Amino acid sequence: MNDTSYLRFLERYPEYRDTATIDALRASDYSRLDQSGHTYLDYTGAGMYGESQVREHARVLASAAFGNPHSASRASITTTGLVEETRREVLAFFNATANYTAVFTLNATAALKLVGEAFPFGRGSRYLLTTDNHNSVNGIREFAAAKGAVVDYAPLTLPDLRIDRTELSHRLALADLSHANLFSFPAQSNFSGVKHPLEIVAEARAKKWSVLLDAAAFVPTSALDLSEIRPDFVAISFYKMFGYPTGVGCLLVRKDAWPLLDRPWFAGGTVNFATVQGRQHLLAPREAGFEDGTLNYLSIPAVTIGLRHLQRIGLKQIETRVRCLTSWLLEELLALKHSNGRHMVRLYGPASCEMRGGTITFNVYDPDGHLLDYRRIEELATGEGISLRTGCFCNPGAGETAEGLTEDDMMAGAAGGLDMNLPRFMQIIQHRGGKSAGAIRASLGLASNFTDVERLLRFVAGFRDETTLTLGAVTFDIESCRVIRDGA
Ligand SMILES: Cc1ncc(COP(=O)(O)O)c(C=O)c1O
């Protein structure tokens, strides 16, 4: 570690010292990162688990015989006991015990799909969503459109990629209140790291919309209190919060929103009664009617372990640490310059930590303002033991806004048919005004430390005066571009 920069960092962010217990934890519970020289910077992709979580889970599994929960055997009752304990822990964690039910799912995507397919869209109703959304939220528009609902997107403002509140209010006012209307947005962007204002939930509810909050990228580093913020539905993936287990997510449903949902099918485990001859079924109430087939019952107890792990560390401490490191990384990336004085890095999203989390999306440019190939940069980072993410992160709307891509640009890509992919799309838009698509994402989380950030900074600084990685004809005039913040 460079001691001078660490001292500068501590001077600027003295509160980082208060998070020293995480340094101790990194050395004990996450030692595999440093032992293997790995700089992990994809916490928005997946959280990192502590080794103690895995040991604790193995201990639970070894302590009893667990069977399929759908019966009354001893093995089944033991399983059900742990699953229900986890359900209670999840609700308590989000301060949701009084008003919500937790439905276990495979991941956040499956939770979102449960709402999409069961929401009573119809002619006259609307599905409103923010342009900044993961594709698993965008995809709900297919259910809405198939049932005749209007699909509407609320735009983002530039350069910070925040929700345009005036436009949103205008669109929320368009609902026909005699029909069911659903509004969906992410508490935190998986593209820009923006934390969208949670008071939008109350605004939409006051205008009689049902609200689906995608909390997948928010809850790993921020507290969500569902006694205060009261969306109808919340989607979560647990591996994003604490790394382990994978394969378990959750849909939180506000109790008074249940009557709205209308499941389009039934499955094993979801019915109280079903007949073949009578072609009838009676769906089990609440979560039981939405948990298709056999739950991932051996992994679910590891969620309790993960939640307690987060609670022991403390979300406040995690948030402080991620904020200090993210602020420093932003400042230092934006200060990087080529010998000719031009900025090296173009940032997508806010340049300060005000209402933003630890996800930083950027591109690197050569001294003439030509985009450097981010795919090659990812390969080089991998060679250096740095795990980043590149591409558009399943969030096309935020990417299109950030890059100034128009509907025509995107339709030109769609016209390419099934063979279309990001490299081919890049070629197409190079001929449409020198635009680009895709970027590099570095995201921080619970086990991040100053060394991780420094290693990334040194790696990016290594592209000073670099010209050999320039991507074809894609150019970016860093002086004249008003669309995206360039670090100035
Ligand atoms: C904001 C957001 N929503 C939803 C998802 C989907 O999560 P999963 O792939 O676990 O279903 C992700 C995953 O990256 C995400 O970042």
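By class, four nonpolar, five polar and two charged residues make up the shell around the ligand. The model described here is a predicted one. The residues around the ligand are Asn107, Ala108, Thr109, His134, Asn190, Asp214, Ala216, Ala217, Ser237, Tyr239 and Lys240. Two helices, α6 (108-118) and α11 (238-242), each supply at least two residues of this shell.

| Residue | Atom of the residue | Distance to an oxygen atom of the ligand |
|---|---|---|
| Ala108 | backbone N or O atom | 3.4 Å |
| Thr109 | polar side-chain atom | 2.5 Å |
| Tyr239 | polar side-chain atom | 2.7 Å |

On its own, the ligand has 390 Å² of accessible area, and the protein covers 89% of this.

Asn107 caps the N-terminal end of α6, with a side-chain oxygen 3.3 Å from the backbone nitrogen of Thr109. Asn107 and Thr109 are also among the residues around the ligand. Eight of the eleven residues of α6 are buried, so this helix is largely enclosed by the rest of the structure. The buried residues in α6 are Ala108, Ala111, Leu112, Leu114, Val115, Gly116, Glu117 and Ala118.

The loop between α6 and β3 (126-130) contains Ser125. Is this residue buried or exposed? Ser125 counts as buried, because its relative accessibility is 1% and the cut-off for buried is under 20%. The side chain of Ser125 reaches the backbone oxygen of Gly122 at a distance of 2.7 Å. Leaving out residues up to four places away in sequence, Ser125 touches Pro120, Ala149, Val150, His179, Ala180 and Asn181.

The description now turns to the nonpolar cores. The largest nonpolar core has 110 residues, of which Val90, Phe94, Phe183, Leu224, Phe238, Met241 and Leu252 touch the most other members. Helix α13 (residues 315-335) provides the largest share of this core, with ten residues. Apart from this core lies another, of 26 residues, including Phe119, Phe121, Trp258 and Leu261.

Phe238 belongs to the largest core and lies within the residue range of α11 (238-242). Setting aside neighbours within four places in sequence, Phe238 is in contact with Val90, Phe104, Gly243, Pro245, Val248, Gly249, Cys250 and Val303. One of these partners, Val90, is itself listed with Phe238 among the core residues that touch the most other members.

Note on methods
Residues are numbered from 1 along each chain as its sequence is written. This is a predicted model: local features need pLDDT of at least 70, side-chain atom pairs count only at pLDDT 80 or more; totals for chains, interfaces and linings use all residues. Side-chain values use heavy atoms; hydrogens and water are left out. A nonpolar core is a set of buried Ala, Val, Leu, Ile, Met, Phe, Trp, Tyr and Cys residues joined through side-chain atoms within 4.5 Å. Buried means under 20% relative accessible area, exposed over 50%, partly exposed in between (1.4 Å probe, protein chains only). Helices (H or I, at least four residues) and strands (E, at least two) are DSSP runs, numbered from the N terminus. Contact means heavy atoms within 4.5 Å. A residue is near a molecule or strand if one of its heavy atoms lies within 4 Å of it. A polar contact is a pair of N or O atoms within 3.5 Å; within protein, one must be able to donate a hydrogen and the other to accept it, and residues adjacent in sequence count only if both atoms are side-chain atoms. Accessible areas come from the Shrake-Rupley method with a 1.4 Å probe; for residues, only the protein chains shown count as cover. Ala, Val, Leu, Ile, Met, Phe, Trp, Tyr, Cys and Pro count as nonpolar, Asp, Glu, Lys and Arg as charged, and the others, Gly among them, as polar.
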